[in-house]
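This briefing goes through one protein chain by topic. Please keep the sequence and the structure open while reading.

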Amino acid sequence: MQNNSITHQKIWAIAGPMILANLSTPLLGMVDTAVVGHLNSPVYLGAVALGSMLFTFLFWGFGFLRMVTTGLTSQAHVNAEHGSPRDVLLQSGLLAMIIAALLLLLQAPIGWLAFNIIDGSAEVIAQAEQYYAIRIWGAPATLINYAILGWLIGLSASRSALAVVLVINLSNIVFDLLLVNGFGMKADGVALASVIAEYTGLIFAIFLLQKRQLKLHEVKLLDEFRFMLANRHHLNLHGNFMLRTLCLIFSFAFFTNQGAQVGDTTLAANMVLLNFITFMAFVLDGFANATEVMTGQAIGHNNALMLKRSLVLNGFWSLSTAAVFSLVYWLFGLEIIALLTSIDSVAGMAADYRLWVVLAPWLGVWSYLFDGFFVGATLGREMRNTMLFSTFCCYLPAWYLMQDWGNHGLWAALMVLLAARGLSQSVYLPGVIRRLN
């Protein structure tokens with residue numbers, strides 16, 4: 001792909017399928033909620049909510065497997081000097097298996113720690129522990145799927161990545177209904193459905209790899225393991241991206257915890273409004289994925305003009321999308337809140353803070369766009385540093401200085417985090433462009 005082949009159509013060929021894949025995830029969450037929400041006790045709904053939250057944080061922490069694989073693959077796909085796409089996949093897949101094995105070995109202490117931190121009634125915790133004990137066995141499939149999805153995105157095979165995500169989520173919905181409604185299972189049925197779905201998706205993903213002439217039966221794991229240990233660059237990338245993700249998790253966990261300390265209504269209102277930001281993120285991530293691929297290919301071609309054009313066109317669509325979200329949230333925010341909660345006190349408080357989510361798309365769009373740039377350019381250390389700076393030098397000090405503003409101060413600090421990420425990331429753009437011909 002050369003400079004003149006980066007077009008709006010190319011962007012949508014990558015971003016479109018990934019947006020659809022991303023949006024299928026909240027649909028699955030809605031089905032999970034609906035399935036257990038119609039059982040004869042709210043205990044099961046609470047258990048699934050707690051269990052899902054635990055795995056969201058646990059697996060989100062290993063999202064670097066997808067990001068690093070995308071960046072390395074997109075570079076290697078256009079320039080053999082950056083390695084082989086096959087080797088990138090095998091290395092990431094092997095690392096995913098090692099991490100999954102550690103999670104399974106350490107599942108007891110991880111579970112003990114998590115359920116001693118999480119608050120809930122004895123009945124809810126008991127069901128959530130049962131959910132956890134089943135769902136943890138899906139870790140190998142989940143993490144390997146991350147690596148495969150990253151590889152497919154890096155090859156610009158977004159339709160194949162979409163197919164894998166849809167197979168996982170549709171399988172999950174089918175087994176949800178079968179196990180809970182058909183066989184009378186409870187929270188354990190929802191967990192088992194997730195495990196079966198992840199392995200179903202993995203089988204389908206391996207089928208796609210075989211179609212791409214990737215002969216997995218010829219892989220020698222011991223040789224790949226030795227190569228992985230010797231290739232410190234890749235390991236450093238994974239480590240830096242993981243630290244970045246952990247900072248992001250910490251930031252939102254801190255936001256949630258501070259809201260909870262104010263009161264249950266404030267916590268609930270903040271959670272309602274965070275859905276606005278989450279939904280926006282699912283869509284903007286599609287353009288971030290396109291930026292990842294095109295940045296990696298520009299780096300592989302050593303082409304500064306190609307990189308600039310990628311940033312301009314992806315920036316246009318990202319900013320346009322953010323503007324639409326901001327307008328929709330301004331015009332229809334109250335109606336959306338009403339769809340998300342029927343509790344008057346929560347809806348009223350969410351309405352009081354709605355302007356923050358109207359502002360969020362304008363401040364957050366840059367961090368999503370530049371995340372794609374950093375991933376495609378495999379700037380692990382720089383991405384880590386900007387996140388550390390944004391979290392500990394901007395977000396937390398802003399919250400501390402604005403505590404007297406109450407929940408408005410908390411939301412203002414979150415806006416500072418979004419803005420700081422984009423601004424600090426932009427500092428590295430000129431240097432990367434100068435290094436290219």
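In this predicted model, Gln107 touches Tyr132, Ala133, Ile136 and Trp137, leaving aside its neighbours within four places in sequence. Gln107 belongs to helix α5, and it counts as buried because its relative accessibility is 18%, under the 20% cut-off.

**Gln107 and helix α5**

- Between Gln107 and Trp137, one of its contacts, the C-alpha to C-alpha distance is 9.4 Å, with 30 residues separating the two in sequence.
- Helix α5 covers residues 107-117, and its buried residues are Gln107, Gly111, Ala114 and Phe115.
- Viewed down the axis of α5, these buried residues fall within an arc of 90°, so they line one face of the helix.
- Trp112, Asn116 and Ile117 are exposed, and they sit on the face of α5 turned away from the buried side.

**The chain as a whole**

- The chain has 18 helices and zero strands.
- Of its 437 residues, 56% are buried.
- Taking contacts between residues at least 6 apart in sequence, 82% join residues at least 24 apart.
- The accessible surface of the chain is about 19200 Å², and carbon and sulfur atoms account for 67% of that surface.

**Salt bridge between Glu292 and Arg66**

- There are five salt bridges in the structure, and one of them pairs Glu292 with Arg66, with 2.7 Å between the closest N and O atoms.
- This pair links distant parts of the chain, since Glu292 is in helix α12 (residues 264-301) and Arg66 is in helix α3 (residues 64-78), 226 residues apart.
- Glu292 and Arg66 are both buried.

**Salt bridges around Asp371**

- Arg244 and Asp371 form a salt bridge through their side chains, at 2.9 Å from N to O.
- Arg244 counts as buried because its relative accessibility is 7%, and Asp371 counts as buried because its value is 10%.
- Asp371 also meets the side chain of Arg421 in a salt bridge, at 2.6 Å from N to O.
- Arg421 is in helix α17 (residues 407-426), so this pair too links distant parts of the chain, with Arg421 and Asp371 50 residues apart.
- Arg421 has a relative accessible area of 6% and is therefore buried.
- Through shared partners, the salt bridges join Arg244, Asp371 and Arg421 into one network.

**Nonpolar surface patch**

- A nonpolar patch on the surface is formed by Val324, Leu327, Val328, Trp330, Leu331, Phe332 and Leu355.
- Together these residues have about 690 Å² of accessible area.
- Helix α13 (residues 304-340) gives the most to the patch, contributing six residues.
- Leu327, one of the patch residues, lies in helix α13.

Conventions
Residues are numbered from 1 along each chain as its sequence is written. This is a predicted model: local features need pLDDT of at least 70, side-chain atom pairs count only at pLDDT 80 or more; totals for chains, interfaces and linings use all residues. Side-chain values use heavy atoms; hydrogens and water are left out. Buried means under 20% relative accessible area, exposed over 50%, partly exposed in between (1.4 Å probe, protein chains only). Helices (H or I, at least four residues) and strands (E, at least two) are DSSP runs, numbered from the N terminus. The arc is that of the directions from the helix axis to the C-beta atoms. Contact means heavy atoms within 4.5 Å. Patches are made of residues with over 30% relative accessible area and no salt bridge: like charges are joined within 9 Å, nonpolar side chains (Val, Leu, Ile, Met, Phe, Trp, Tyr) within 5 Å. Accessible areas come from the Shrake-Rupley method with a 1.4 Å probe; for residues, only the protein chains shown count as cover. A salt bridge is a side-chain nitrogen of Lys or Arg within 4 Å of a carboxyl oxygen of Asp or Glu.
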